[in-house]
Amino acid sequence: MVVFDKPHALTDVPLHYCPGCTHGIIHRLVAEAIDELGIEGRTVGIASVGCSVMTYNYFNCDMIQAAHGRAPAVATGCKRARPENIVFTYQGDGDLAAIGTAETVHAAARGENITVIFVNNAIYGMTGGQMAPTSLPGQVTQTSPYGRDVKTVGYPVKVCEMLKELDGATYLERVAVNNVRNVRNAKKAIKKAFENQVKGLGFSLIEVISTCPTNWGMTPEKALKWAEENMIPYYPLGVYKDKTKEAEA
Amino acid sequence: MAEKVLMKGNEAIAEAAIRCGCRHYFGYPITPQTEIAAYMAKRMPKIGGTFLQAESEVAAINMVIGAASAGVRVMTSSSSPGISLKSEGLSYMAGCDLPALVVNVQRGGPGLGGIQPSQSDYFQATRGGGHGDYHMIVLAPASVQEMASLTAKAFDLADKYRMTAMILADGTMGQMMEPVELAEGEVRPIEKPWAASGTQMTRPHNIINSLSLVPEELEKLNFARYEKYQTVIDNETLYEEYMMDDADICVVAFGIAARVSKNAVIAAREAGIRAGMIRPITLWPFPAAPVRAAAAHCRAFLSVELNMGQMIEDVRLASECARPAYLCNRVGGMIPSPELVLAKIKEIYGGVK
């Protein structure tokens with residue numbers, strides 16, 4: 001009897017992520033949601049630029065690789081072309097909250113019927129650990145070697161808090177994958193974000209607090225602890241907006 | 001059954017696009033092409049299509065990428081500064097081999113420039129515009145009729161070769177009204193087995209992608225793409241020749257400049273100068289063969305352009321500088337008069353041995 005198996009929506013390609021990186025967990029949660037909803041055959045994923053750029057190799061559904069920050073616009077075109085398809089983006093913090101801010105905000109404002117998986121690990125991973133729009137005040141990175149000084153480079157962007165004021169956004173939740181309880185909550189949120197799209201309820205975004213042991217310069221275990229002690233207090237978990245019931249009515 | 005109606009050039013593009021099966025338009029307002037968006041905004045909802053005004057040109061071209069990836073006929077339109085913004089997307093479309101139509105109703109530049117007609121995006125259009133090695137199929141209409149017929153042609157070529165096709169028009173072509181015969185929608189649907197349209201669990205997943213981190217593989221992709229481009233050069237080059245059989249002076253001009261130049265060629269003939277004209281209809285691929293052939297019997301070339309001399313470089317390349325090439329130009333929204341072109345023809349004719 002099989003009690004634990006790889007979701008069908010994940011390919012057999014070995015992930016390129018660093019040891020201890022939480023992208024693997026998040027990929028699995030997305031794939032489980034796709035499997036459980038039985039939507040793989042009509043799902044199209046939009047990969048972004050950053051560590052998750054090669055997401056297109058890891059999901060079994062059709063995939064499109066977007067330019068940096070443009071995934072929500074690509075998803076918009078894809079969804080409008082084939083509304084029966086389920087379209088999701090998978091983006092990091094640099095992609096979604098810096099270079100792609102306009103695409104993110106306007107996809108939400110339009111109430112675009114897409115699902116956005118936003119992985120926030122407070123750093124640019126792929127390029128080797130530069131300051132991200134979500135890097136914490138005081139956080140040391142390659143481009144904030146003396147710590148993020150809010151007096152000169154400003155404050156982190158809180159995406160869920162920012163988007164919740166937009167009437168077009170249906171469902172916004174911030175989750176984390178630093179412990180079992182949070183992983184289970186993350187799964188629920190991600191599945192709901194896909195379900196919303198299946199029901200045609202509009203724009204759903206799940207922000208996942210994630211880790212980057214390599215560029216944070218920590219062991220995987222310490223990184224999980226750092227996320228809990230530093231990121232989650234700054235980025236409180238929870239539902240920021242849920243118009244699902246209104247939208248269903 | 002074809003009907004003849006009086007239309008603005010911009011509207012002719014929009015109607016022609018709809019008639020050949022385009023049901024998705026993404027754009028952002030900019031003068032002098034906004035009639036295309038306005039037309040699409042009115043028509044698309046009535047025929048089950050999508051008109052979407054994006055938050056920027058950058059977003060619009062990426063929406064085009066999404067729809068093209070999904071395998072549908074899709075277009076956007078803009079004018080010069082907006083095309084600069086779209087250029088990132090154009091490079092990705094080339095890297096992903098995505099078919100779509102992009103319309104550039106050019107205005108004067110650089111920068112914000114002006115809103116009057118120009119041809120100063122010739123380099124940007126024919127050399128690609130964005131980063132990397134690539135080309136688009138570039139079509140240059142010289143009448144409202146061609147605004148319509150070349151739109152249909154552009155979609156067919158884009159689908160056939162999995163390339164982005166561009167209509168390179170200008171403010172006069174977009175704004176002027178002429179009778180146009182619109183072909184009844186003859187959509188030749190083309191299979192797109194490569195599209196990201198959903199696996200339906202019946203095939204391996206399709207990936208639309210321009211990333212290739214292994215140098216040997218990326219090199220292969222580039223070589224293969226340029227082999228395809230060679231096929232396009234060999235088979236799809238379009239041009240019109242006018243009084244070229246015995247021409248001593250060969251005028252080369254496209255779009256509005258070609259209409260003006262035709263009058264000048266007629267006037268030159270009346271004045272006893274054997275002038276002729278080659279009008280490139282595809283700017284890429286550039287009609288190099290007729291220009292090369294003309295070099296055998298013409299004394300000189302005269303490139304008439306609404307820019308500081310861009311196409312003239314292709315004239316020189318095609319003719320291998322076998323004959324001198326001169327420039328007759330107005331810029332910034334100004335249009336050369338037939339008299340100006342005639343004066344230049346006379347000047348060259350008198351000066352060249």
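**View 1. A sheet of seven strands in chain B.** In this predicted model, seven strands of chain B form an open sheet, in the order E3-E2-E4-E5-E7-E6-E13. The pairing is mixed. Strand E3 (50–53) and strand E13 (282–284) of chain B stand at the edges. Each has a single partner strand, so one side of each is left without a neighbour in the sheet. On average, neighbouring strands of this sheet are turned by 20 degrees against each other, direction ignored.

View 2. Which strand pairs with E13(B) over two bridges? The partner is strand E6 (residues 137–139) of chain B, and the pairing is antiparallel. Leu139(B) has Thr282(B), in E13(B), as its bridge partner. Helix H3 (residues 57–69) of chain B packs on the sheet.

**View 3. The largest nonpolar core.** This core has 189 residues. Ile117(A), Val208(A) and Leu101(B) have the most contacts inside it. Both domains of chain B take part: at least three residues come from each of domain 1 (3–236) and domain 2 (240–351). Now look at Val208(A). Leaving aside neighbours within four places in sequence, Val208(A) is in contact with several residues of chain A, among them Ile26(A), Ile117(A), Phe118(A), Val175(A) and Ala186(A).

**View 4. Where chain A touches chain B.** How many residues does each chain bring to the contact? Chain A gives 29 residues and chain B gives 33 residues. On the side of chain A, strand E1 (43–47), strand E2 (62–65), helix H2 (71–81) and helix H4 (101–109) each supply at least two residues. H2(A) provides the largest share, eight residues. By class, this side of chain A divides into 14 nonpolar, eight polar and seven charged residues.

**View 5. Strands paired across the two chains.** E2(A) is joined by two bridges to strand E9 (residues 207–208) of chain B. The two strands run parallel. Opposite Ile64(A) stands Ile208(B), in E9(B).

**View 6. The two domains of chain B.** Chain B is divided into domain 1 (3–236) and domain 2 (240–351). Their C-alpha centres lie 28 Å apart. In the contact between them, 27 residues of domain 1 meet 23 residues of domain 2. On the side of domain 1, the elements that each supply at least two residues include helix H5 (122–126), strand E7 (164–170) and helix H8 (215–236) of chain B. H5(B) gives the most to this side, with four residues. This side of domain 1 has 16 nonpolar, nine polar and two charged residues.

**View 7. A sheet of five strands in chain B.** This open sheet has the order E10-E12-E11-E14-E15, with mixed pairing. Which strands stand at the edges? They are strand E10 (239–242) and strand E15 (325–329) of chain B. Each has a single partner strand, so one side of each lacks a neighbour in the sheet. Neighbouring strands are turned by 20 degrees against each other on average, direction ignored.

**View 8. Inside the sheet of five strands.** Strand E11 (residues 249–253) and strand E14 (residues 300–305) of chain B pair in the parallel sense, over five bridges. Val252(B) stands opposite Ser303(B), in E14(B). Helix H9 (residues 255–270) of chain B lies across E10, E11, strand E12 (275–280) and E14 of chain B. H9 runs at about 165 degrees to E12(B).

How values were computed:
Residues numbered from 1 in each chain as written. Chains lettered and ligands numbered in written order. Predicted model: local features only at pLDDT ≥ 70, side-chain atom pairs only at ≥ 80, totals over all residues. Pairing = 2+ DSSP bridges. Axes fitted to C-alpha atoms, helices over the stretch in contact; angles between N-to-C directions. Contact = placed C-beta atoms within 7 Å. Core = buried A, V, L, I, M, F, W, Y, C linked by C-beta atoms within 7 Å. Buried ≥ 20, exposed ≤ 12 C-beta atoms within 10 Å, placed from the backbone. Domains from an automatic or database assignment. Nonpolar A, V, L, I, M, F, W, Y, C, P; charged D, E, K, R; others polar.
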